[in-house]
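Please read the following points with the structure open beside them.

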Amino acid sequence: MATKRDYYEVLGVQKGASDDEIKKAYRKLSKQYHPDINKEADAEEKFKEISEAYEILSDPQKRAAYDQYGHAGTDPNFGAGGAGSFGGAGGFGGGAGGFGFEDIFESFFGGGGSRQADPKAPRQGADLQYSINLEFEEAIFGVEKDIKYNREETCHTCNGNGAKPGTQPEVCHKCHGSGSINVEHQTPLGRVMSRQTCDVCHGTGKEIKDPCPTCHGSGHEKRPHTVKVKVPAGVEDGQQMRLADQGEAGVNSGPYGDLYVVFKVKQSDIFDRDGAEIYYTLPLSFVQAALGDEINVPTVHGDVKLKVPAGTQTGAKFRLRGKGAPRLRGNTNGDQQVTVKIITPKNLNEKQREALYAFAEAGGQTVTEQKEEGFFGKMKDAFGGKK
């Protein structure tokens with residue numbers, strides 16, 4: 001029987017680690033060893049070990065029991081009648097409030113009988129995850145995309161029974177179809193008999209003499225699978241959609257797992273987005289802001305005319321009703337918010353400069369005219385070019 005590693009060691013954290021440290025370690029390791037990403041032979045086993053460690057250490061009660069009693073404290077039947085301790089009214093003899101010999105042996109030897117999950121029962125297949133890249137506009141208006149990925153499916157050659165066509169699985173010769181066997185253990189209390197999953201049929205109760213040439217007896221095969229995904233209008237970056245029965249094939253004729261589609265939305269060059277609200281910065285010249293103007297403003301729904309009143313200041317905001325993104329839970333759109341940014345011209349011609357000086361003088365302002373710089377400007381001043 002393999003010895004389980006310490007859960008804190010599995011996650012790579014100290015025993016006194018905080019909940020956030022445990023969660024952070026789990027997220028990092030689960031991504032690193034997820035079977036869909038990591039193709040190493042032991043990746044799936046490591047992923048299961050990481051998930052089991054997180055399940056215990058993320059639950060305050062389970063973690064407390066583990067810290068006090070180790071792996072024995074994580075057994076579902078641990079301390080069943082005595083408030084989590086070995087003592088109680090029944091002592092070691094079992095009974096009401098006791099911790100019987102049967103519980104001790106189950107903690108050490110994995111239990112057996114009806115308390116364990118039936119290995120022959122149908123089980124749902126594993127879930128999968130797939131990321132879809134979307135353009136900004138595709139996320140706004142929705143789109144249909146075909147995605148293709150590999151998944152475990154029921155073997156098409158043997159229809160999932162694992163046997164070569166023309167043959168059938170036979171009743172296991174070791175467990176006689178029960179799926180479990182009696183195993184003797186030497187303990188400090190003497191020789192003890194416990195019931196374990198059959199090592200020949202692995203709990204199925206059936207033995208395959210002639211394995212299927214396609215799946216080699218597993219009943220599953222890796223095959224490419226295509227799904228049409230209808231991306232709803234208004235999805236955001238990081239949101240996900242569950243597609244039922246599009247994951248891995250189940251065990252013992254169990255249902256397929258699910259596929260979780262994660263949306264990765266590309267940023268727009270001109271728009272920002274927060275939920276259903278869209279934001280746009282409108283560049284205006286000094287003249288447009290001062291005199292007012294009617295501007296064509298781009299939106300995801302097409303250009304919209306916006307009347308900018310005279311005297312508009314930089315930072316002024318306008319709201320275009322219904323020109324935002326669709327709301328996922330509703331039949332309405334958000335708004336587009338327009339923020340004005342006044343652009344100061346960098347290169348003025350002579351007429352523009354004169355007009356601005358005249359504007360300043362008309363307003364009672366005095367502006368010191370800047371001299372031309374450089375060699376030619378100095379020469380012009382020296383020979384009376386400027387007074």
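**Notes on the predicted model**

1. Histidine 202 sits in the loop between strand 5 (190–197) and strand 6 (206–207); helices (H or I, at least four residues) and strands (E, at least two) are DSSP runs, numbered from the N terminus. The phi of histidine 202 is near 55°, a positive value in a residue other than glycine. Most residues other than glycine have a negative phi, and most peptide bonds are trans. With 58% relative accessibility, histidine 202 counts as exposed. Here buried means under 20% relative accessible area, exposed over 50%, and partly exposed in between (1.4 Å probe, protein chains only).

2. On the basis of these notes: this is a predicted model, in which local features need pLDDT of at least 70 and side-chain atom pairs count only at pLDDT 80 or more, while totals for chains, interfaces and linings use all residues. Residues are numbered from 1 along each chain as its sequence is written, and side-chain values use heavy atoms, with hydrogens and water left out.

3. Aspartate 245 also has a positive phi, near 65°, in a residue other than glycine. Its place is the loop between strand 8 (240–243) and strand 9 (259–265). Aspartate 245 is partly exposed, at a relative accessible area of 43%.

4. Cysteine 158 lies in the loop between strand 2 (143–154) and strand 3 (170–171). Its relative accessible area is 6%, so cysteine 158 is buried. Setting aside neighbours within four places in sequence, cysteine 158 is in contact (heavy atoms within 4.5 Å) with Ala163, Cys212, Cys215 and Gly219. Cysteine 158 and cysteine 215 are 57 residues apart along the chain, and their C-alpha atoms are separated by 8.2 Å.

5. Tyrosine 8 is part of helix 1 and is buried, because its relative accessibility is 4%. Not counting residues up to four places away in sequence, tyrosine 8 touches Val13, Gln14, Lys15, Leu57, Arg63, Tyr66 and Asp67.

6. Does the length of helix 3 agree or disagree with its number of residues? The expected span is 1.5 Å times one less than the number of residues. The 15 residues of helix 3 (residues 43–57) should therefore span 21 Å, and the end C-alpha atoms are 21 Å apart, which agrees. Buried residues in helix 3 are Ala43, Phe47, Ile50, Ala53, Tyr54, Ile56 and Leu57. These buried residues pack against helix 1 (7–11), helix 2 (19–33) and helix 4 (60–69).

7. The axes of helix 2 and helix 3 come within 9 Å and cross at roughly 165°; axes are lines fitted to C-alpha atoms, for helices over the stretch in contact, and angles run from 0 to 180 degrees between N-to-C directions. The two helices are therefore roughly antiparallel, a term for angles over 145 degrees. On the helix 2 side, Ile22, Lys23, Tyr26, Leu29, Ser30 and Tyr33 meet Ala43, Lys46, Phe47, Ile50, Ser51, Tyr54 and Leu57 of helix 3.

8. For the whole chain, the secondary structure comes to 9 helices and 15 strands. Of its 387 residues, 32% count as buried. Among contacts with a separation of 6 or more, 58% are between residues 24 or more positions apart.

Conventions: Angles under 35 degrees count as roughly parallel, over 145 as roughly antiparallel, 65 to 115 as roughly perpendicular and the rest as oblique.
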